[in-house]
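Student: Hello! Could we go through the aromatic rings of this structure together?

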Amino acid sequence: MKKMASVSAVSLFLVCCFAVVSKGCDQFAAVGQSFNVPLGYKLKPTDALKWKFKDKIIFHKKQENMLVKKSDVNADGSLELTNLKKDQAGVYTPEVFDKDGKSQTTKRTNLCVLDPVKKPTINVICRDPDVIFTCSHDQQPDGAQYKWFQKETLMINETKISLKRKKTENKNLLFSCKVENEISSEKSDPLTNICFDPVKKPEINATCKGSEVIFTCFAAQQPDDARYKWLLNGNEISNETKISLIRTTAESKNLNFSCEVYNEASSENSDSLTHACKGPTFLGLPEKLFGISIWVFIVSGAGFLLLLIIIVVGCCLGCKKKRREDDDEELQYRPARESSPSYCSA
């Protein structure tokens, strides 16, 4: 009894092993393609050939006589399958007998018919602090495998349908994925990290420094990838891409300045600003005095001084002229007096 039980156990084990082996695919072919199932034997014209599919005879030729022909067979005895369908997957078994009826060694083939993979696309999910790339398509065939590439370099051990990376560590890096099975492979177009923090609305600070004014486009905690533009009266100033803008006080007076902060996610514009910086004045004097421009006082003072100089010069010239006249009179009077008798008797 024990002997019979052990024999049954061995038999069951062998049956299970055969079932496992029978499920393994010897060859793979794609749906819609053609495939030649190899015979595994060099066929002779006098040989009899029989092909079975899932234990059903689909071709039988006995020497010169055709008995069954449900499939095409090539001259070398291989079975030709065209426009493959899923129901054509299974075990193909050939049998060959020589002219003496002796069985010949052939090759049994378990054919698996698979759908080819489809070209994938990458979906991106932004989930702070990570970015999740998913290699997706509406439907990939069962058993599809995945590979990930960063800048065309294979990422070892990344074989899942999704790839997770830190958002801040993968800016401007290109990722792509490949889907493959035993009969085909397709690769996605590359895609970069599109998860970016939006910028914040900036404000402009104006700092007066000597004859210059420094405009700063400021907002707390802007993203690291924030970039800047400067605008004058609503028009972009070319080549001004730094966080600060320097202009002379005189040339920027009464002009409206604004800045734009932007990145891949968003952009924000500041309100416009006209600075109130006062440039250096003449001799350090204020621009206005009692609400009147200091230049009015300077010009008026200069005019008064000029008038005073003219008056003084005129007085000096008048005095000099009078003195000259007095001297002339005295010179004329002295000879006359010297010739008079009273002067001589004296």
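Student: Is Phe53 buried or exposed?
Tutor: Good place to start, and keep in mind that this is a predicted model. A residue counts as buried under 20% relative accessible area. Phe53 has a value of 15%, so Phe53 is buried.

Student: How many aromatic pairs does the structure hold?
Tutor: Rings pair if their centres lie within 6.5 Å. By that rule, the number of aromatic pairs in the structure is three.

Student: Are the rings of Phe53 and Tyr92 stacked or tilted?
Tutor: Planes under 30 degrees apart count as stacked. The centres of Phe53 and Tyr92 are 4.4 Å apart and their planes are at 25°, so this pair is stacked.

Student: How many residues apart in sequence are the parts that Phe53 and Tyr92 tie together?
Tutor: Phe53 belongs to strand β3 (residues 48-53). Tyr92 belongs to strand β8 (residues 90-97), so the pair ties together parts whose separation in sequence is 39 residues.

Student: And are the rings of Phe133 and Phe175 stacked or tilted?
Tutor: Stacked planes would be under 30 degrees apart, and edge-to-face ones over 60. For Phe133 and Phe175 the centres are 4.7 Å apart and the planes are at 35°, so the pair is tilted.

Student: Which strands do Phe133 and Phe175 lie in?
Tutor: This pair links distant parts of the chain, 42 residues apart. Phe133 is in strand β12 and Phe175 is in strand β16.

Student: Which residue lies over the face of Phe149?
Tutor: A charge sits over a ring if, for Lys, NZ is within 6 Å of the ring centre and within 35 degrees of the ring normal. At 4.1 Å from the ring centre of Phe149, the residue over its face is Lys187.

Terms used. Residues numbered from 1 in each chain as written. Predicted model: local features only at pLDDT ≥ 70, side-chain atom pairs only at ≥ 80, totals over all residues. Heavy atoms only, no water. Phe/Tyr/Trp six-rings, centres within 6.5 Å; stacked < 30°, edge-to-face > 60°. Helix = DSSP H or I, 4+ residues; strand = E, 2+ residues; numbered from the N terminus. Buried < 20%, exposed > 50% of the residue type's maximum accessible area, 1.4 Å probe, protein only.
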